[in-house]
Amino acid sequence: MEYNILGLSGGKDSSALAIFIKNQLPVIHKDIEYVFADTEHEIPETYDYLNKIEVFTGKKITRLKPYRSFDDVLLATNFLPSHAHRWCTGILKKQTFKNYIQSKVHNADKETKVNLYIGIRADERFRLDGAGQDKLITEKFPFIEHNIYRQDVENILVNEGIGYPDYYKWRKRSGCYFCFYQSCLDWIKLYENHPDLYQKAMEYEYTDCKKIKSGRMGFNMDYSLKDMIKPENIQKIKEKYQKLQEKNEHHSKIDIVHNLFNDFITEDDYSSQTIYKFA
Ligand code: SF4
């Protein structure tokens, strides 16, 4: 038995890969399965875009719920995820995805194979560093094989008519609404576009955790979410990013490299595009 699986993130690269496979690799498209590991804290635009992908590819997406919920883990650890303790991706996304694949190959025989399709682009070859093969799992990188670069991904989505996810109007990536990777400006945009979700994120922050010395446990290093939306702070943050943007318009070659890197780390596809390996 051979399984073809593509882990969707709700971001542009994995979505473009689904469209690319449908148009260019029809044999694979016939039996590929699209899988989305839902953290249950995604922004609404991600769910809308997944619905669109289903329409454009004519395939139902398997939507996995985390094997342990965010709230459950938070209760057990008393720690919000952060750059230093990023437990969320491992538990909410990777392990859920891994469990799903393992359930498929539970009674695997010698003939069983899983091909995992990953939307790493030709300009991101450096991300292959962690790639590995497993006895059962073969990672496939069609964008690399077919020399698909960043601009090609945009063309695939635009030409197909599906376009970019709607959240691109105000932020660059999918993922949880409370993701600690987002910049202060992203937080302000979240507040402006989804005040209810900002409020929910705010409710997760707290100050009474004995394990912390800094006096609060929050998602952002600079501000508590409660303080961030004070009018004077919103203004300060917007001015800062405005200045940065103006500076970027005149940046040097060094800045270009730096910005590309920033683009990469703020990309949507942290989790389901993370190269998958069984331990
Ligand atoms: S989007 Fe951010 S908060 Fe959500 S699982 Fe990924 S790293 Fe964690």
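This is a predicted model: local features need pLDDT of at least 70, side-chain atom pairs count only at pLDDT 80 or more; totals for chains, interfaces and linings use all residues.
Which residues of α1 are buried? I started my notebook with that one, and the list I found is K12, D13, S14, S15, A16, L17, A18, I19, F20 and I21. That puts 10 of the 13 residues of α1 in the buried class, so I noted the helix as mostly covered.

**Entry: the whole chain.** I counted up the secondary structure and got 12 helices and five strands in the protein chain. I then looked up burial for the chain, which has 279 residues, and found that 30% of them are buried. I also checked how far apart in sequence the contacting residues are. Taking contacts between residues at least 6 apart, I found that 73% join residues at least 24 apart.

**Entry: α1 on its own.** I went back to the helix and checked its length. α1 runs over residues 12–24, and its first and last C-alpha atoms are 17 Å apart, close to the expected 18 Å.

**Entry: α1 and its partner.** Next I asked how α1 lies against α3, residues 44–57. Their axes come within 10 Å and cross at roughly 5°. Angles under 35 degrees count as roughly parallel, and therefore I wrote the two helices down as roughly parallel to each other. I looked up who makes the contact: S15, A18, I19 and K22 come from α1, while Y49, I53, F56 and T57 come from α3. Sorted by class, the contact residues are five nonpolar, two polar and one charged.

**Entry: around the ligand.** How many residues surround the ligand? I found 13, and the closest are C88, T89, G175, C176 and C179. By class, this shell holds seven nonpolar, four polar and two charged residues.

Entry: I kept the backbone angles for last. E40 has a positive phi of about 70°, and I found it in the loop between β2 and α3. N147 has a phi near 55°, also positive, and its place is the loop between α6 and α7.

Are these two buried or exposed? E40 counts as exposed because it has 11 C-beta neighbours inside 10 Å. N147 is exposed too, with 10 other C-beta atoms within 10 Å.

Note on methods:
Residues are numbered from 1 along each chain as its sequence is written. Axes are lines fitted to C-alpha atoms, for helices over the stretch in contact, and angles run from 0 to 180 degrees between N-to-C directions. Helices (H or I, at least four residues) and strands (E, at least two) are DSSP runs, numbered from the N terminus. Angles under 35 degrees count as roughly parallel, over 145 as roughly antiparallel, 65 to 115 as roughly perpendicular and the rest as oblique. Two residues are in contact if their C-beta atoms, placed from the backbone, lie within 7 Å. Ala, Val, Leu, Ile, Met, Phe, Trp, Tyr, Cys and Pro count as nonpolar, Asp, Glu, Lys and Arg as charged, and the others, Gly among them, as polar. A residue is buried if 20 or more other C-beta atoms lie within 10 Å of its own, exposed if 12 or fewer, and partly exposed in between; C-beta atoms are placed from the backbone. The expected span of a helix is 1.5 Å times one less than its number of residues. A residue is near a molecule or strand if its C-beta atom, placed from the backbone, lies within 6 Å of it.
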